[in-house]
Amino acid sequence: MTVFAPQDLFPQLAEWVANLDDVFPGKPIKDSVWAFAQIEVGHLLALAVLGGTSVLMNLRLIGVGLTDEPPRELHRNLAVWTWIGLIVILVTGILMGASNGERLYTSEAFTAKMIGLAAGIILTFAITLPATKNDGALGPASRVMGVIGVAVFLVAIWVFLQAKLANPGLWHVIMAGGLIVLFAARGLTRIIYLGVMAVMIAAQQVMTHVVIPADAFDRLDPVNKGFAWAFALVILAFAVVQAVASGRDGRSGFFVKGMAMASILVWVMTAAAGRWLAFA
Ligand code: HEM
């Protein structure tokens, strides 16, 4: 048992959670053969909408992607879809949770997911939406909230890291971060970045498939965790180099670009925790 599951943090809710699938709306969903699956489809469609608008708007703030349009034009077209995605993902999540309460209550993945969700909401409403609306400019209150959002995001990652192994979802986040930086990087920075990544990927393969036997888990785990840290640090370093090198794009400077990158990754992490929840 771990101390990060909701049951450890809120033991007083045990009885309420145990009864959730005996009352509306949990009971009819649990008793139906199709309802859970249909609701989960809605959950994943909402994720596609929410994630899609986040990627489009935040990449625009970073200065890549749909650069023919000013950020405020993207905001005008997409903000409503961010709201729809968020509301539908919350409603469908709560409905599934009501029919399956004890599973969430005993899951550390659910804790990571809810902290990630909080960070995602803060970053969306403090950074993504106001910065695109104002063509990249951000007021002091939004900046402070953005820093708080990143701090909450780091807590979510820390909970994610408490799993015994380097959690598979963690590699999703690292890979997504790596691809976003590859997309955002330009010129020589991109070429050097690709070269460094190729060497690191090859080194990890050799270490975990040749040097250490595939079944020696006690030796593989620390090596994989070490590579997870190394990849994360290299990706972060290139993200900083690129954000500084690209200078200002319209009204969005270094701070907004960094925050925009975090605002994409936070949804990737939350979705990875959701996936972990489904198969854990
Ligand atoms: C109130 C908020 C939420 C609740 C209560 C919730 C609850 C759930 C539940 C109960 C499942 C099904 C797990 C299973 O199959 O047993 C699930 C799956 C999932 N959720 Fe959420 N969720 C919420 C928000 C989110 C958000 C914000 C995201 C993404 C950013 C997300 C992404 C996912 C994903 C990717 C799956 C996995 C589906 C699969 O692979 O089968 N969820 N969620």
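**Stop 1: the whole chain**

Run along the sequence of the protein chain and you read α-α-α-α-α-α-α-α-α-α-α-α. That comes to 12 helices and 0 strands, where helices (H or I, at least four residues) and strands (E, at least two) are DSSP runs, numbered from the N terminus. The radius of gyration of the protein chain is 20 Å, close to the 19 Å from the globule rule for 280 residues, so the chain is as compact as a globular protein of that length. Here the radius is taken over C-alpha atoms, and the rule is 2.2 Å times the number of residues to the power 0.38.

Before you click further: this is a predicted model, in which local features need pLDDT of at least 70 and side-chain atom pairs count only at pLDDT 80 or more, while totals for chains, interfaces and linings use all residues. Residues are numbered from 1 along each chain as its sequence is written.

Among contacts between residues at least 6 apart in sequence, 79% join residues at least 24 apart, a contact being two C-beta atoms, placed from the backbone, within 7 Å.

**Stop 2: around the ligand**

Which of the 21 come nearest? They are Gly 93, Met 96, Thr 270, Gly 274 and Ala 278.

Now color helices H4 (35-62), H5 (71-99), H6 (101-105) and H12 (254-279): each supplies at least two residues of the shell. H12 gives the most, with 7 residues. By class, the shell has 12 nonpolar, 6 polar and 3 charged residues. For that tally, Ala, Val, Leu, Ile, Met, Phe, Trp, Tyr, Cys and Pro are nonpolar, Asp, Glu, Lys and Arg are charged, and the others, Gly among them, are polar.

**Stop 3: H4**

Stay with H4, whose 28 residues reach 40 Å from first C-alpha to last, close to the 40 Å expected at 1.5 Å a residue; the expected span is 1.5 Å times one less than the number of residues. Its buried residues include Ala 46, Leu 50 and Thr 53. Just after H4, click Gly 63 for a positive phi of about 105°.

**Stop 4: H7**

Next, select 108-133. The 26 residues of helix H7 should span 38 Å, and the end C-alpha atoms are 36 Å apart, which agrees. Where does H7 bend? At Thr 124, by about 40°, the angle between axes fitted to the seven residues ending there and the seven starting there. Of its 26 residues, 20 are buried, so H7 is largely enclosed by the rest of the structure. Just after H7, Asp 135 has a positive phi of about 55°.

**Stop 5: two lysines**

Lys 133, in H7, is partly exposed, with 16 other C-beta atoms within 10 Å. Leaving out residues up to four places away in sequence, Lys 133 touches Arg 72 and His 75. Pro 71 is 62 residues away in sequence, yet 6.7 Å from Lys 133, C-alpha to C-alpha.

Finish at Lys 225 in helix H11 (residues 217-245). Lys 225 is partly exposed, with 14 other C-beta atoms within 10 Å.

Technical notes
A residue is near a molecule or strand if its C-beta atom, placed from the backbone, lies within 6 Å of it. A residue is buried if 20 or more other C-beta atoms lie within 10 Å of its own, exposed if 12 or fewer, and partly exposed in between; C-beta atoms are placed from the backbone.
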